[in-house]
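Student: I have the sequence and the model open. Please take me through some of the features, one at a time.

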Amino acid sequence: MPSPPQTPTQASVPRRVWRGTSFLVLGRVYGSACTFAQLWLLAHHLAPDAFGRYTFYLAVFVFLDALVDFGTGQVAVQRTAADESRMPEVLAGARRVRLATGNLGVLLVGGGALWMHEPAAGWILVASLYPVTHVAELSTVVLRNRIAWGIPVGLRAVAATTSFLFVLALRATGDHEPAHYLCAVAAGSAIANGLLYLACRRHLPARAATEVPWASVLAAAAPLGFASLCQQAYFYADNLFVRAMRGEAELGAYNVGVRILSMTIMVALYASQAALPWLARQHSAGRLGESAARLGQPLFAAAGLVAGLAAPWAAQILGLFGAHVAIAGPSLRWLFGAVAVIHAGAVLTTSLVAAGRGRSMLGIAAIGLALNLAANSILIPRFGIEGAGMATLITEISVAVGAAWVLARTGARAAWRAWGWIGGPVGFAAGFAASAAILAGSGP
């Protein structure tokens with residue numbers, strides 16, 4: 001097995017980061033195409049309240065994925081990126097933690113659905129079993145360290161295809177139970193996790209672990225794990241507010257916009273994910289702040305421009321899913337603003353992970369969650385689902401600013417070439433103005 005790439009002598013972003021990002025983005029584009037095809041089919045097939053319930057549980061399962069991971073993937077990269085001799089012990093400990101958190105997730109989501117007498121609760125319980133298969137998926141750490149994403153991306157595409165085919169099969173039978181479609185999506189993901197383990201097994205060190213340091217892994221992962229849960233909570237807490245205050249029909253419309261946000265932030269998330277091993281090595285070399293700026297500033301500027309161009313067309317984009325979904329256009333415009341901010345925040349928060357600042361990450365995420373809950377409780381009663389979009393933007397700004405502040409205080413000057421960070425808001429304003437003018441000119 002080849003050795004990891006040599007550490008660069010300067011803070012420029014290695015080509016392997018961009019190549020890995022390209023693989024991840026292409027895979028996500030394909031996966032998103034499958035997801036949006038499913039949403040389109042089900043938005044026109046299920047009743048509005050049933051569609052809203054389906055999207056609600058999709059959001060719950062994203063939170064469940066974060067619970068099962070609980071920071072173990074990031075800790076595994078931290079501990080093995082520069083020393084793969086530790087791989088057997090680190091993987092053994094991380095797998096033990098994931099098995100425990102996976103079982104906890106089944107109890108909370110599947111057991112909670114039974115306890116709350118949710119419709120088709122038994123099927124929700126079955127679907128909640130799939131995140132336990134993330135124990136097997138942890139083996140991809142050996143490829144993540146090399147920023148070699150071909151195999152993981154290819155098998156994730158298989159998962160997306162399998163889930164879509166299962167959904168198509170159910171749709172062909174005329175099935176109208178949203179929990180059945182939830183199981184179909186979960187089955188595709190579970191199959192892919194098993195295939196990932198089989199594909200990565202030959203790349204792992206041949207020797208067995210001499211110990212299972214689960215307590216050490218858990219101690220290191222816990223701050224990141226709780227931070228990730230806070231992040232997912234503030235990203236999806238609006239589902240609880242909208243479902244309770246506005247009903248499942250409006251929730252379904254709003255969640256299509258959230259899915260669009262999830263798709264459009266993939267470059268930010270995957271560039272940061274691919275760059276984590278490099279950023280960890282740059283931190284060791286004392287170049288973290290400069291490296292974060294070189295990666296984050298161009299992403300922020302480009303995302304601001306693209307999000308600004310798209311924002312005025314929000315209602316038209318959602319209208320593709322039906323008139324009952326287009327009502328979420330105003331909320332999607334705010335979410336496009338959040339898209340731009342996330343491209344800065346993702347790099348800055350990943351830099352905190354690279355610097356081993358898990359507790360700082362937890363503090364930032366906890367503040368973001370508290371702010372999000374407060375904003376949703378104030379804005380949704382007044383502005384409806386548009387208020388949920390506002391709350392998301394406010395939260396993402398607070399997270400990005402908080403991460404930049406912590407990095408600056410630790411000596412990693414995230415403000416290096418500080419003027420470079422204005423590209424995001426300038427790009428968004430320019431794109432919005434240009435696109436709004438085109439839209440106005442195309443009107444009757």
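**Helices, loops and packing**

Student: Which helix does Arg 53 lie in?
Tutor: This is a predicted model: local features need pLDDT of at least 70, side-chain atom pairs count only at 80 or more, and totals for chains, interfaces and linings use all residues. Helices (H or I, at least four residues) and strands (E, at least two) are DSSP runs, numbered from the N terminus. Arg 53 lies in helix 2.

Student: Is Arg 53 buried or exposed?
Tutor: Buried means under 20% relative accessible area, exposed over 50%, and partly exposed in between (1.4 Å probe, protein chains only). Arg 53 has a relative accessible area of 16%. That value is under 20%, so Arg 53 is buried.

Student: Which residues is Arg 53 in contact with, beyond its neighbours in sequence?
Tutor: Contact means heavy atoms within 4.5 Å. Set aside neighbours within four places in sequence, and the contacts of Arg 53 are Glu 118, Pro 119, Pro 178, Arg 243 and Glu 248.

Student: What distance should helix 2 span?
Tutor: The expected span is 1.5 Å times one less than the number of residues. Helix 2 (residues 48-69) has 22 residues.

Student: Is Ala 120 buried, partly exposed or exposed?
Tutor: Ala 120 also sits in a loop, between helix 4 (87-115) and helix 5 (121-127). Its phi is near 55°, a positive value in a residue other than glycine. Its relative accessible area is 25%, so Ala 120 is partly exposed.

Student: How far apart in space are Gly 93 and Val 212, C-alpha to C-alpha?
Tutor: Gly 93 lies in helix 4 and is buried, with a relative accessible area of 0%. Leaving out residues up to four places away in sequence, Gly 93 touches Val 212, Pro 213, Trp 214 and Val 217. Gly 93 and Val 212 are 119 residues apart in sequence, and their C-alpha distance is 4.8 Å.

Student: How many residues of helix 11 are buried?
Tutor: Helix 11 (residues 248-264) reaches 24 Å from its first C-alpha to its last, close to the 24 Å expected. Its buried residues include Glu 248, Tyr 254 and Asn 255. Helix 11 is mostly covered, and of its 17 residues the number buried is 12.

Student: How do helix 12 and helix 16 lie relative to each other?
Tutor: Axes are lines fitted to C-alpha atoms, for helices over the stretch in contact, and angles run from 0 to 180 degrees between N-to-C directions. Under 35 degrees counts as roughly parallel, over 145 as roughly antiparallel, 65 to 115 as roughly perpendicular, and the rest as oblique. Helix 12 (residues 266-284) and helix 16 (residues 329-354) pack at about 30°, with axes 8 Å apart. The two helices are therefore roughly parallel.

Student: At what angle do helix 13 and helix 19 pack?
Tutor: Helix 13 and helix 19 (residues 423-441) have axes 6 Å apart. They are roughly parallel to each other. Their angle is about 20°.

Student: What share of the residues in the chain is buried?
Tutor: The chain comes to 19 helices and 0 strands. Of contacts between residues at least 6 apart in sequence, 84% join residues at least 24 apart. Among the 444 residues in the chain, the buried share is 55%.

Conventions:
Residues are numbered from 1 along each chain as its sequence is written. Side-chain values use heavy atoms; hydrogens and water are left out.
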